[in-house]
Amino acid sequence: MKLVYTGKTKNVYALDNGNYLLKFKDDVTGTDGVFDPGANTVGLSIAGVGAINLRMSVFFFEKLKEAGIKTHYVSANTEDATMEVLPARVFGKGLEVICRHRAVGSFFRRYGDYIEEGAPLPAYVETTFKDDDRGDPLVTRDGLEALGIMTGAQYDTIREMTQKITAIVADELAKKGLELYDIKFEFGYSGDEVILIDEIASGNMRVYKDGVYIEPMALSELFFA
């Protein structure tokens, strides 16, 4: 294997068969030793968190495979906290896609004059650039086209896939008495085909139980209890 990328929470290795291997770390994002999935820096290490995040990702990737939704997932070894994935190119320098069922977080901070906090949303989809220096700015469908990052058809595909995937995740969480408020995804493309990439872990979603926010580590434990 050849190391090709060192990330905050995982490393990426090139495999001889043309695929890539993601090695999940026990490092998590945060500030001053406090875990924060939305932070842009590594704040601390939590023993076993890499394997826990991988376990949840594998669970959902298998569900998406059953539903016929294309992803980069090939296989995984939860003991080694590694996942083999197909090669894919990201859009631009990285794009995050958020699907929101409730008006919380940055959505409420932006639009609080027009909606109550926690009000339901109709699987609202928005896109942001992965750009720490500029605060991960929002970008519209027209903006993505104008900047040459993706076509309108690719955006429409991503929006449709995002809503389908979110529905699957929300349904599985609901079986555990948990409510998904919002979730963050990344997409790429392999040839001409748009596919889901990265991970589907507790740190990428905001989940509540009986109106109380569940921290990501506690969420993983509840989900697999």
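**Salt bridges and their surroundings**

Modeller: This is a predicted model. Start with Arg 100 and Glu 126, whose side chains meet in a salt bridge at 2.7 Å, N to O. Arg 100 sits in strand S10 (residues 95-102) and Glu 126 in strand S11 (residues 120-129), 26 residues apart.

Colleague: Why is the contact between Arg 100 and Glu 126 called a salt bridge?

Modeller: The N to O distance is 2.7 Å. The cut-off is within 4 Å, so the pair qualifies.

Colleague: What makes Arg 100 buried or exposed?

Modeller: Its relative accessible area is 4%. Buried means under 20%, so Arg 100 is buried. Glu 126 is also at 4% and therefore counts as buried.

Colleague: How do you know that Glu 172 and Lys 63 form a salt bridge?

Modeller: Their closest N and O atoms are 3.9 Å apart. That is within 4 Å, so the label holds. Glu 172 lies in helix H4 (residues 152-174) and Lys 63 in helix H1 (residues 49-66), so the pair ties together parts 109 residues apart in sequence.

Colleague: Why is Lys 63 called partly exposed?

Modeller: Lys 63 has a relative accessible area of 25%. Glu 172, at 12%, counts as buried.

Colleague: What separates Glu 145 and Arg 141 in helix H3?

Modeller: About one helical turn, because they are four residues apart in that helix (residues 141-146).

Colleague: How many salt bridges does the structure hold?

Modeller: It holds 15.

Definitions and conventions: Residues are numbered from 1 along each chain as its sequence is written. This is a predicted model: local features need pLDDT of at least 70, side-chain atom pairs count only at pLDDT 80 or more; totals for chains, interfaces and linings use all residues. Side-chain values use heavy atoms; hydrogens and water are left out. Helices (H or I, at least four residues) and strands (E, at least two) are DSSP runs, numbered from the N terminus. Buried means under 20% relative accessible area, exposed over 50%, partly exposed in between (1.4 Å probe, protein chains only).
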